[in-house]
Structures are given as structure tokens and as C-alpha cells.
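Below is a short briefing on one protein model.

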Amino acid sequence: MNTSTRGKPDFLLLFLTISLVGFGLIMVFSASSANALYKYDTSWYFVKKQFIFSFLGLLLMVVLMNVPFQILKRWSRPLLLASIVTLILVLVVGVQINGAKRWIGVGSFGIQPTEFVKISVVIFLAALIDKKGDKIRDFKTGLSPLLLLTGFVAFLILLQPDFGSSLILLFVSGTIIIMGGANLWHLLKLVFVIAPICVYLAVSKSYRLERITSFMNPWEDSSGTGYQLIQSLFALGHGGLTGAGIGKIIQKLRYLPEAHTDFIFAIMGEELGFVGVVFFILIYAIFLARGFIVAFQSSNFFWSIARDRYCQYDRDSIRI
């Protein structure tokens, strides 16, 4: 490898990444210890798993820090094809959890292909837009291939079903396409076409509609669809301004379902209070801002997109 083309790592971004991972491990242990002890006779069950794939994520980060983006651009198409194959594979042999097939795994080890697809689509779009240049302003030859690709991948994710991830993919892809110089009028006309479809998909399934209605008025079904949201509000209320303290909380004692996953922010609010969560959000804001700064300092479009996405890699795409 020609090391002369390597740049220096952004040490602030690196420090923030490691700090957030470390803080996440602390919060996962605090939020999951009671549930882990109840189910598996050890308080360390979930945090050990989290530590393993956090270590794997950091190891992967070190490897990718030493991979030139020219190589990444060269492999953008095979990476995309491989990730699409895994999306199709998960529909056939995926592990069904809570009515959805989103994982491919053997025993306790598994991967969530959607998270890898998000990265491969971003890399491929960046490479393709960089190659097209000003041609992207032409709808037929420039923009439509990007939209068809993004729509196809989003459709495969929707089949799992995973409505949230498909929306995230569409939003991120749209942002990249806009940054790439697409004609905004073309995109605006597409929004008028796609918006009604998204609304229909959001309300066509009862569980999606229940999420919306329970968010608006969780007390209407306090023991059913609104239960989890109400318990999270209790957690935030108990935390108050300065928090109850690490480990000195109530909701993690099996009152709040999925306390260490979907609703870990509520546990954080109960332990650290308003001051703690504001500080956490501030750190995350600095992390994201620094990522954008690193991207804008890159010398071409592909590098700016790829670097910004790499520093936001989702380590939760692997479970052990």
C-alpha cells in the first residue's frame, strides 16, 4: 500500500467515537443488568455481547482507516451486489423475530443485512454520482438510474418488513443525490408522487398505525400499545433535572420493555436527568458536526460522502 496517499486521522472524531462507544457500554450494562439476571442468571449477559461487537466494530474501523478510498470506489459495485444478495437471502432463510425477517444467523450469531446495505448504497451512489458529474441534472440518463436503484433496495427492505430503515435509506440517498447536483425540480415532483405512497404504507398495517396513534395519545391504551411509551415518560419524570444516579433507577426492573435497546434513552434520562441527556445530545451533535467538517474538507465528492458515512458506521448490525 502506498502510504504517501494516507491522511492523518481526525483525532477529535476518533476520541468522540471511542467515548460514545464506552458510554454506550456503561448504559447497556446499567439498563440490562436486571433483565439479564432474571433471564440468564448473570447481570453481564447483554453487556458482554455488546462489548464483543463493539470491539469488532473498533477493529473494523482501524482496518478501514487504512483502506484508500480509491480502492473503495473500485469495489463499490461488488459491495452493492453482495449486499443486495444478502437482502434477498434474508427473505428466504432469515430468522423471524416479532413477525419480521431481518436477521441472518446461526445459533446466537447473526447479522442484519440492512445495516450493511445502507453503507454499500451510500458508497455506490457516491461513486456513480462522481462518475456522472453534470449529467446527473438530466433526468433520464443521470437521475433515474439512481432513483430506480434506491427504490429497489428500499422495496427489498420493506418486504422484511422494516418501514423505518427503508425511510432512512430513502432520506440518506436523497440527501446524497441533492449534494451531487441533481435538479431540485425533478426531485420535488417525485416527492409529490412518493409522499402519498409513504402515507398509505404507514397506515396500511395496523401495527404501524398503532405506533402513530399511541404516540399521539398513549393513555388511550395504557396497558397495550401505549404502555411502553408511558413507562418511558415515567422514567424521564423520575430522572428530573439531575437524575437518580447510575444504577439507582426503577424502570429497568422489567417495567420498561426493551430497556437496553429501543428505549435506552429513557433509562439514560432516569439515571442522568435532563442535564445528563442534554450533555449527551451535545456530544452527539459535535460528533456529527465534526463528521460533516471532515467530509467538506475532502478533495472530491466521493471522498466526502464515503468518509462521512464511515465515521457513522452502525456497530449494531452484528449480534452475538
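**Briefing**

Glu 115 and Lys 118 are both buried (under 20% relative accessible area; exposed is over 50% and partly exposed is in between, with a 1.4 Å probe and protein chains only). The model is predicted: local features need pLDDT of at least 70, side-chain atom pairs count only at pLDDT 80 or more, and totals for chains, interfaces and linings use all residues. Residues are numbered from 1 along each chain as its sequence is written, and side-chain values use heavy atoms, leaving out hydrogens and water.

**Salt bridges**

- The whole structure holds 3 salt bridges (a side-chain nitrogen of Lys or Arg within 4 Å of a carboxyl oxygen of Asp or Glu).
- Glu 115 pairs with Lys 118 in a salt bridge, with 3.3 Å between the closest N and O atoms.
- These two residues are 3 apart in helix H5, so about one helical turn separates them (helices are DSSP runs of H or I, at least four residues, and strands are runs of E, at least two, numbered from the N terminus).
- Arg 290 and Asp 10 form a salt bridge at 2.7 Å, N to O.
- Arg 290 is in helix H11 (residues 264-296) and Asp 10 is in the segment before H1, so this pair ties together parts 280 residues apart in sequence.
- Arg 290 is partly exposed, at 23% relative accessible area.
- Lys 73 and Asp 130 form a salt bridge, their closest N and O atoms being 2.6 Å apart.
- Because Lys 73 is in helix H3 (residues 69-74) and Asp 130 in helix H5 (residues 113-132), the pair ties together parts 57 residues apart in sequence.
- Lys 73 is partly exposed at 33%, and Asp 130 is partly exposed at 28%.

**Helix packing**

- Helix H6 (residues 139-158) packs with helix H7 (residues 163-179) at about 165°, with their axes 8 Å apart (lines fitted to C-alpha atoms over the stretch in contact, with angles from 0 to 180 degrees between N-to-C directions).
- H6 and H7 are therefore roughly antiparallel (over 145 degrees; under 35 is roughly parallel, 65 to 115 roughly perpendicular and the rest oblique).

**Backbone**

- Most residues other than glycine have a negative phi, and most peptide bonds are trans.
- Asp 41, a residue other than glycine, has a positive phi near 65°.
- Asp 41 sits in the loop between helix H1 (11-40) and H2 and is exposed, at 68% relative accessibility.
- The peptide bond from Gln 160 to Pro 161 is cis, with omega near -5°, and Pro 161 is in the loop between H6 and H7.
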